Amino acid sequence: MSAKYRYGVEILHLLVSPGHAYFGRARDGAADVPTFDAGSAEVVAGKGIVGDRFFGKAAHMDAAVTLFAVESLEAIAAELGAEPFNPLLTRRNVVLRGAHLLPLLGQDFVLESGGDAVAFHGGRHAQPCAWMNEMLAPGAHASMRGRGGIRCRALSSGTLHSGPAVLVSPVPLDPVKAGEASLLHPSRLP
């Protein structure tokens, strides 16, 4: 990383789940899999979060950890006229407050928390699945497009901790834009 910009953020939730909850038909309901809102989560370089469903899976190595700005979820709830949503229902691994994530796509960055630092590469948008209409509210799937977070590859091993954190970025970020949708979300789906 050449230039370094440091932003105070908060890690609100660290979701670790050994299984997929949302697959098949939504009318059949979500799978009953254990999901943990952990106080800390061990990250292994190139593999992801220990104990998570994407850990060490070849198809997900470049996108094993999903970061999500809670401001996006708050904006979606406001747009849909809904009560605040439970962030864990989105099944994103790291739920942050104050993190403008979209400029981190294609960038290497670091999350410092609890005396540890973990480096990531911002790989791609975390597109929402149609289950969001069932789990959050009708219309949530469409509203979440372009602001479902980012899928990342773990570049270093370490531990993430809930609570105050620092996001170290090679590019300037605007935390005020944490909940804004990306303009890069074309879709033919309703």
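This report describes the fold, nonpolar cores and salt bridges of a predicted model.

## Overall architecture

The protein chain contains three helices and eleven strands. Along the sequence these elements follow the order β-β-β-β-β-α-β-β-β-α-α-β-β-β. Among contacts between residues at least 6 apart in sequence, 77% join residues at least 24 apart.

Of the 190 residues in the protein chain, 47% count as buried. The chain exposes about 8900 Å², and carbon and sulfur atoms supply 54% of that area.

## Nonpolar cores

The largest nonpolar core comprises 32 residues, and L67, V94, L96, L111, F120 and L167 have the most contacts inside it. At least two residues of this core come from each of strand 1 (5-16), strand 3 (40-44), strand 5 (65-69), strand 6 (94-97), strand 7 (108-113), strand 8 (116-125), strand 9 (150-154) and strand 11 (163-169). Strand 1 provides the largest share, five residues.

When residues up to four places away in sequence are not counted, V94 touches I11, H13, L14, V65, T66, L67, F68, L111 and L160. Another core, of eleven residues, lies apart from the largest one; F68, L73, A77 and W131 are among its members.

The model has six salt bridges. One of them pairs R6 with E112, with the closest N and O atoms 2.7 Å apart. This pair links strand 1, which holds R6, to strand 7, which holds E112, across 106 residues. R6 is exposed, at a relative accessible area of 52%, whereas E112 is partly exposed at 25% relative accessibility.

A salt bridge also joins R153 and D62, whose closest N and O atoms are 3.0 Å apart. R153 belongs to strand 9 and D62 to the loop between strand 4 (48-49) and strand 5, the two residues being 91 residues apart. R153 is partly exposed, with a relative accessible area of 25%, and D62 is partly exposed as well, at 45% relative accessibility.

The side chains of R147 and E79 form a salt bridge with an N to O distance of 2.6 Å. Because R147 lies in the loop between helix 3 (140-144) and strand 9, while E79 lies in helix 1 (residues 70-80), the pair ties together parts that are 68 residues apart in sequence. R147 has 8% relative accessibility and therefore counts as buried, the cut-off for that class being under 20% relative accessible area.

Technical notes
Residues numbered from 1 in each chain as written. Predicted model: local features only at pLDDT ≥ 70, side-chain atom pairs only at ≥ 80, totals over all residues. Heavy atoms only, no water. Core = buried A, V, L, I, M, F, W, Y, C linked by side-chain atoms within 4.5 Å. Buried < 20%, exposed > 50% of the residue type's maximum accessible area, 1.4 Å probe, protein only. Helix = DSSP H or I, 4+ residues; strand = E, 2+ residues; numbered from the N terminus. Contact = heavy atoms within 4.5 Å. Areas by Shrake-Rupley, 256 points an atom, 1.4 Å probe, with all protein chains shown as cover. Salt bridge = Lys/Arg side-chain N within 4 Å of Asp/Glu carboxyl O.
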